[in-house]
Structures are given as structure tokens and as C-alpha cells.
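Student: I would like to work through this structure with you by question and answer. Could we begin with the terms?

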Amino acid sequence: MFDSIARQITNQALHLHGFQVTLRRLDQVHPQISGNKFFKLKYNFLEAQRLGFKKLLTFGGAYSNHIAATAFAAQQFGFGSVGIIRGEELQDKLLNPTLQTAQDLGMQLHFVSREDYRRKQQVQFLNELEQQFPEHYVIPEGGTNNFAIQGCREILTVADQQFDLICCAVGTGGTITGLIDASQPHQQVLGFSALKGAFLNEDIAKLTRKTNWQITDNYCCGGYAKTTPELMQFIQQFEADHDVPLEQVYTGKMLFGLTDLLQKGHIPAETEILVIHTGGLQGRKA
């Protein structure tokens with residue numbers, strides 16, 4: 001299913017402040033099912049197909065990469081889809097490009113209040129959705145579940161054992177958990193949170209028994225999808241220097257943070273670094 005439409009993933013060498021950094025270009029795996037979403041959705045779709053479901057239901061915010069990717073994949077593989085969208089006030093407004101694209105791809109958008117959206121993991125709320133949207137295979141927000149983690153383990157290969165440090169952006173925790181599970185004991189996995197708060201540490205600790213990982217929210221720029229002039233200036237300069245497209249929600253913040261750590265000498269010299277570009281360019285600001 002997914003493997004039939006995947007493009008070859010390439011690595012790009014970067015020279016950052018005296019370090020040799022390898023950038024894994026997951027943004028190139030597929031133009032619509034981009035980056036880590038490709039790996040997070042792969043086994044969820046296979047499970048839905050195995051169980052005989054014809055329709056999918058998932059969750060996301062107004063600018064969700066996951067919503068956009070799921071809508072395209074559902075159309076591509078013959079599933080109907082419903083997106084539970086955070087913010088009922090959005091239903092009377094002009095759709096932004098992310099939601100318009102999802103709708104154009106056949107996804108039914110169902111807007112809920114932010115209070116209800118916070119109930120997205122509660123059994124009662126899921127039962128209410130089941131009554132309204134029966135016979136739908138449910139994929140959690142961001143695609144993060146055991147099937148997503150299974151897919152994200154495949155981001156790393158045997159050849160990646162040469163690296164000492166693996167870096168990625170973190171949203172719901174599925175991608176970094178897959179990387180942690182696939183990592184070797186001598187490797188450290190460093191996650192750059194796209195949002196503020198220590199809750200991600202608790203969430204990821206429930207998903208993996210390994211301890212060779214760390215998450216920092218020092219570079220989230222105040223919260224999810226928030227930016228600073230310094231971040232945007234960094235992204236513009238990085239794109240010009242390395243010919244790598246970035247977005248400001250995930251990978252841009254991760255590289256902003258990594259560059260700062262390298263500049264300040266917080267990472268030992270000679271460290272072999274692998275950086276994961278997790279895609280999501282549909283949300284990129286021009």
C-alpha cells in the first residue's frame with residue numbers, strides 16, 4: 001500500500017559550526033503524505049484494511065499536517081474520512097488552505113469546541129463519535145499509537161548505528177518513540193518540542209522503556225505554531241545556505257535549537273549527528 005508510492009529517501013550533508021551533520025530528508029518521501037506522517041499512517045492504514053473498515057476518523061487542529069496527510073492517503077487508498085477539528089468557531093469562517101485541501105480531498109470536517117476536543121481520548125467522547133460516525137477506524141491525534149510507533153522505527157536503518165546523536169522535532173511523541181525504540185544503547189535521542197510543557201516526557205515514558213532520550217522545550221518559541229523574529233530569520237537564512245525547505249512549527253524549531261546548542265558548545269566535539277527532517281511543509285509560511 002504505502003510502500004508502492006514512496007520515493008527514495010536521501011540524506012544531505014550539512015556543515016554546522018564545525019560539526020558534520022546528516023539530514024534525513026523525510027520531506028521527500030511523498031509530496032502529500034509527507035515526512036513522519038508517511039511512517040505514522042502506514043501501519044494504521046494496513047490495520048484498517050485488515051479489519052475491513054472503509055472509513056477513517058481522526059483528530060487535528062486547523063493547521064494539522066496529520067489532517068492533510070490523512071485526507072490525501074484516504075483518497076489515495078479508497079477510504080472515506082472524517083476529521084474532528086479543534087475549534088467550533090472555525091466552522092463559520094473561510095477554511096484555511098490546510099482544511100480546504102482536506103475537504104477537497106473528500107474529508108468531512110466536523111468542528112468541535114476546544115473543551116470537547118480535550119476529551120478526544122475519553123471513552124465517553126469516543127462512544128459519542130461512534131454513534132455519530134459509525135464503522136470508522138479511529139486514528140488518534142497526530143497518528144500516534146502503537147502502529148505509528150511501529151512505522152517510525154523504520155526511519156532508522158542498520159547503517160545509522162554510526163551516529164551518536166539522533167535529533168527530531170516532537171509533537172505528540174510517536175515519531176521520537178519509534179526512533180528511541182530503533183536506537184542502539186550507545187546512541188542518544190534528542191527531541192525538540194514544538195510546544196511548551198513537560199507533559200511530553202510523561203507521555204513518552206509510557207510508550208518506551210528505554211532511557212536514552214531527552215526532550216527540550218527551550219526552542220518552542222512560546223508554544224505550538226508560535227514564532228519569533230529570530231526563528232523566522234534563522235529559517236530564511238538556513239534555506240538560503242543549504243537549499244532545504246523548512247516550516248516554522250516543527251523542523252525549523254528543531255534546527256534552530258540544534259544550531260544554538262552547537263554554537264554554545266553543549267554538544268561534544270566529534271559527535272556524529274543524524275537529524276530527521278519530518279516534513280510537514282504544507283504548513284510552511286512563505
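Tutor: A salt bridge here is a side-chain nitrogen of Lys or Arg within 4 Å of a carboxyl oxygen of Asp or Glu. The model is predicted: local features need pLDDT of at least 70, side-chain atom pairs count only at pLDDT 80 or more, and totals for chains, interfaces and linings use all residues. Residues are numbered from 1 along each chain as its sequence is written, and side-chain values use heavy atoms, with hydrogens and water left out.

Student: Which residue forms a salt bridge with Glu-239?

Tutor: Helices (H or I, at least four residues) and strands (E, at least two) are DSSP runs, numbered from the N terminus. Glu-239 lies in helix H9 (residues 229–242) and its partner in the segment after E10, so the pair ties together parts that are 45 residues apart in sequence. The closest N and O atoms are 2.8 Å apart, and the partner is Arg-284.

Student: Is Lys-42 buried or exposed?

Tutor: Buried means under 20% relative accessible area, exposed over 50%, and partly exposed in between (1.4 Å probe, protein chains only). Lys-42 forms a salt bridge with Glu-154 at 2.9 Å, N to O, and Glu-154 is partly exposed at 34%. With a relative accessible area of 8%, Lys-42 is buried.

Student: How many residues apart are Lys-42 and Glu-154?

Tutor: Lys-42 belongs to helix H1 (residues 36–50), whereas Glu-154 sits in the loop between helix H6 (146–152) and E7. Both are also linked with Asp-3 in a network of salt bridges. The Lys-42 and Glu-154 pair links distant parts of the chain, and the separation is 112 residues.

Student: What is the relative accessibility of Lys-264?

Tutor: The side chains of Lys-264 and Asp-260 meet in a salt bridge of 3.2 Å, N to O. Asp-260 is buried, with a relative accessible area of 17%. Lys-264, in contrast, counts as exposed, at 53%.

Student: In what order do the 6 strands of the open sheet stand?

Tutor: Two strands pair if DSSP finds at least two bridges between them. The pairing in this sheet is mixed, and the order is E1-E2-E10-E7-E8-E9. Strand E1 (11–16) and strand E9 (213–216) each have a single partner strand, so one side of each is left without a neighbour in the sheet; the strands at the edges are E1 and E9.

Student: Which residue in E10 stands opposite Val-21?

Tutor: Strand E2 (residues 19–25) pairs with strand E10 (residues 273–277) in the parallel sense, over 5 bridges. Within E10, the residue opposite Val-21 is Ile-273.

Student: What angle does the direction of helix H10 make with that of E10?

Tutor: Axes are lines fitted to C-alpha atoms, for helices over the stretch in contact (heavy atoms within 4.5 Å). Angles run from 0 to 180 degrees between N-to-C directions. Helix H10 (residues 251–263) packs on the sheet, touching E1, E2, E7, E8 and E10, and its direction makes with that of E10 an angle of about 160°.

Student: How many residues of H7 are buried?

Tutor: The buried residues of H7 include Gly-174, Ile-176 and Leu-179. Helix H7 is largely enclosed by the rest of the structure, because the buried residues number 7 of the 9.

Student: What share of the 286 residues of the protein chain counts as buried?

Tutor: The secondary structure of the chain comes to 10 helices and 10 strands. Along its principal axes the C-alpha trace spans about 55 × 40 × 35 Å. Of the 286 residues, the share that counts as buried is 55%.
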